Amino acid sequence: MLKFGIWAVSPLALAVLAAAPAQAQTYSPQEVKVSVTTADLGAVVGALGHEVVEINEAEQMVLAQDDAGGSYFLFGTACDVGGVAGCQGINMQVLYDLSPDVTYERVAEANYEQAAVQTWVDFEEKRLGVTRYQVLDYGATMANIRENVVVLLDIAPIAAAIAAGIEVEEEDEAVKPLT
């Protein structure tokens, strides 16, 4: 069985993360964003009814937890470049403890079958990751950003199961998050 874990950051980096309350940012579904801040990412998390667990302003990272206890990361990327304040991209990531049944071939199969996300493996660190990247060039609504997170959270367990060689129907919840 795959377990959901938060292994995306080294232990040193985790030690640097400081718990921070969600910044006051109102979620406005129709607002168009050409860049985001951690406050914007926190607002998206709140719009999903999830909890912001930690914010790292220096890394432009928000660690969030859903109501089932599963964690995920939202990272701002391409920040403060090209004369644009804020981050012009968002890397969304779910991480799992590595199952011994994961192979490169199965990861390739997960990528083929679930093309809306990228599945990857780090055998050294014993983790399996599922990511989705959103570019904000020319703008995206907050509702669109929220839906991209929903897509990741819906597909990640399926991709992780495929990578572990578990046959699932798309409606199955074969891979449960760590609680």
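Author: A salt bridge is a side-chain nitrogen of Lys or Arg within 4 Å of a carboxyl oxygen of Asp or Glu. E31, K33 and D40 are linked in a network of such salt bridges. The model is predicted, so local features need pLDDT of at least 70 and side-chain atom pairs count only at pLDDT 80 or more, while totals for chains, interfaces and linings use all residues. Residues are numbered from 1 along each chain as its sequence is written, and side-chain values use heavy atoms, with hydrogens and water left out.

Reader: What makes K33 and E31 a salt bridge?

Author: The closest N and O atoms of K33 and E31 are 3.4 Å apart. The limit is 4 Å, therefore the pair qualifies. D40 also forms a salt bridge with K33, with 3.2 Å between the closest N and O atoms.

Reader: How many salt bridges does the structure hold, and what is known of R146 and E147?

Author: The structure holds four salt bridges. One joins the side chains of R146 and E147, at 2.5 Å from N to O. R146 is partly exposed because its relative accessible area is 23%, and E147 counts as partly exposed because its relative accessibility is 39%.

Reader: Why is E169 called exposed, and where is its place?

Author: E169 has 53% relative accessibility, so E169 counts as exposed. Its place is in the segment after α4 (142-163); helices (H or I, at least four residues) and strands (E, at least two) are DSSP runs, numbered from the N terminus.

Reader: Which residues form the negative surface patch, and what makes it negative?

Author: E109, E113, E167 and E169 form the patch. Asp and Glu count as negative, therefore these Glu residues do. Patch residues have over 30% relative accessible area and no salt bridge, and like charges are joined within 9 Å.

Reader: How do you know that β6 and β7 pair?

Author: Two strands pair if DSSP finds at least two bridges between them. Five bridges join β6 to β7 (residues 127-135), and the strands run antiparallel. D122 stands opposite R127 in β7.

Conventions
Patch = residues over 30% accessible without salt bridge, like charges linked within 9 Å, V, L, I, M, F, W, Y side chains within 5 Å. Areas by Shrake-Rupley, 256 points an atom, 1.4 Å probe, with all protein chains shown as cover. Charge placed at Lys NZ, Arg CZ, Asp CG, Glu CD. Buried < 20%, exposed > 50% of the residue type's maximum accessible area, 1.4 Å probe, protein only.
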